[in-house]
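The structure is shown first.

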Amino acid sequence: MNRRDLDDLAMRVRRTGDRIQPLLDPHPGLAARNAHAHLWLGIKVRFGESWRSRAKHAGVCAFIDWIEANPNADYDAFPGPIELDEPEQGLFGALDA
């Protein structure tokens with residue numbers, strides 16, 4: 001993903017997080033919920049650790065929109081799409097992974 005797409009996602013997370021903050025249910029073990037962290041964690045969980053380089057911008061936007069409509073839903077309930085680019089292979093191919 002390019003810098004413009006990443007900046008757009010950061011803006012979307014800020015706006016959506018601000019909107020869903022009062023809607024989040026309490027969570028065991030947390031004194032207070034942080035909607036922004038909830039969104040970033042969801043992106044990482046659904047799109048993987050390397051989401052910045054592999055996830056499609058439109059797919060992450062769809063996830064953010066879905067979380068806005070379903071702020072307390074489990075991340076795994078997101079119906080998709082989860083489209084990822086293939087990881088780049090290094091000199092040793094699959095051994096680099």
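Which residues lie nearest the centre of the largest pocket?

## The largest pocket

His27, Arg33, His38, Ala73 and Tyr75 lie nearest the centre of the largest pocket, which is lined by 15 residues; a pocket is here an open set of points on a 1 Å grid over the protein atoms alone, where a 1.4 Å probe fits, with protein on both sides within 12 Å along at least five of seven lines, and lining residues have an atom within 4 Å of a point. Its volume is about 280 Å³, taken as the space filled by probe spheres set on the points. The lining comprises eight nonpolar, four polar and three charged residues, where Ala, Val, Leu, Ile, Met, Phe, Trp, Tyr, Cys and Pro count as nonpolar, Asp, Glu, Lys and Arg as charged, and the others, Gly among them, as polar.

## Basis of the model

The model is predicted, so that local features need pLDDT of at least 70 and side-chain atom pairs count only at pLDDT 80 or more, whereas totals for chains, interfaces and linings use all residues. Residues are numbered from 1 along each chain as its sequence is written, and side-chain values use heavy atoms, with hydrogens and water left out.

## Helix 1 against helix 2

The axes of helix 1 (residues 3-20) and helix 2 (residues 35-47) come within 8 Å and cross at roughly 130°, which makes helix 1 oblique to helix 2 (under 35 degrees counts as roughly parallel, over 145 as roughly antiparallel, 65 to 115 as roughly perpendicular and the rest as oblique). The residues in contact (heavy atoms within 4.5 Å) include Leu9, Val13 and Ile20 of helix 1 and Leu39, Trp40 and Ile43 of helix 2. By class, this contact of helix 1 with helix 2 has eight nonpolar, four polar and two charged residues.

## Helix 4 and its partners

Helix 1 and helix 4 (residues 57-69) have axes that come within 10 Å and cross at roughly 5°, and the two helices are therefore roughly parallel to each other. Among the residues making the contact are Asp5, Asp8 and Arg12 of helix 1 and Ile64, Asp65 and Glu68 of helix 4; by class, the residues of this contact divide into seven nonpolar, two polar and six charged.

Helix 2 and helix 4 pack at an angle of about 130°, with their axes 11 Å apart, which makes helix 2 oblique to helix 4. The contact includes His38, Leu39 and Phe47 of helix 2 and Val60, Phe63 and Ile67 of helix 4, and by class it has seven nonpolar, three polar and one charged residues.

Key. Axes fitted to C-alpha atoms, helices over the stretch in contact; angles between N-to-C directions. Helix = DSSP H or I, 4+ residues; strand = E, 2+ residues; numbered from the N terminus.
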